[in-house]
Amino acid sequence: MMEEVLMAWFLLIVAGLLEIAWALGLKASEGFSRPLPSLFTIVAMVGSFYLLAQAMKVLPVGTAYAIWVGIGAVGTVLLGILIHGDSASSLRLISLVLILAGLVGLKLAA
């Protein structure tokens, strides 16, 4: 049972990383007008949803979904700052810390 739970958490983390990939891929695809970035985005989307669905077989739906969204949101904001020069204002960074705190709380409560 414990191995199943650990595998579900691993799949959920990978699903969250793929969510970051497809979010960034959406920008790179320029509205799905560029074939290779568009294909990458679609593959990342399908992979992310599939792994999320597999993780949800074991983990509570609310926790799994919130963690998945949180990984995607935090990762996308951070990479947006690093790669695309998005704003790194204090309020944005504090908000990211609050999201992370919420994710840790959900993990501990699971």
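## First look

Of the 110 residues in this chain, 35% count as buried, where buried means under 20% relative accessible area, exposed over 50%, and partly exposed in between (1.4 Å probe, protein chains only). This is a predicted model, in which local features need pLDDT of at least 70 and side-chain atom pairs count only at pLDDT 80 or more, while totals for chains, interfaces and linings use all residues. Residues are numbered from 1 along each chain as its sequence is written, and side-chain values use heavy atoms, with hydrogens and water left out.

## The overall fold

The chain has 4 helices and 0 strands, so its order from the N terminus reads α-α-α-α; here helices (H or I, at least four residues) and strands (E, at least two) are DSSP runs, numbered from the N terminus. The C-alpha atoms fill a box of roughly 45 × 35 × 15 Å along the principal axes.

Contact means heavy atoms within 4.5 Å. Among the chain's contacts with a separation of 6 or more, 63% join residues 24 or more positions apart.

## Helix H3

How far apart are the end C-alpha atoms of helix H3? They are 32 Å apart, which agrees with the 34 Å that its 24 residues (61-84) should span at 1.5 Å a residue, because the expected span is 1.5 Å times one less than the number of residues.

The buried residues of H3, including Thr63, Trp68 and Gly72, pack against helix H1 (2-29), helix H2 (35-55) and helix H4 (90-109). Just after H3, Gly85 takes a positive phi of about 70°.

## The nonpolar core

A nonpolar core is a set of buried Ala, Val, Leu, Ile, Met, Phe, Trp, Tyr and Cys residues joined through side-chain atoms within 4.5 Å. The largest one here has 16 residues, and Leu12, Leu52, Leu59 and Ile67 have the most contacts inside it. H1, H2 and H3 each supply at least two residues of this core, and the largest share, 7 residues, comes from H1.

Let us follow Ile67. Leaving aside neighbours within four places in sequence, Ile67 is in contact with Trp9, Leu12, Leu103, Leu106 and Lys107.

## A closer look at Ala44

Beyond its neighbours within four places in sequence, Ala44 is in contact with Leu18, Ala21 and Trp22. Ala44 and Gly25 are 19 residues apart in sequence and 8.5 Å apart in space, C-alpha to C-alpha.
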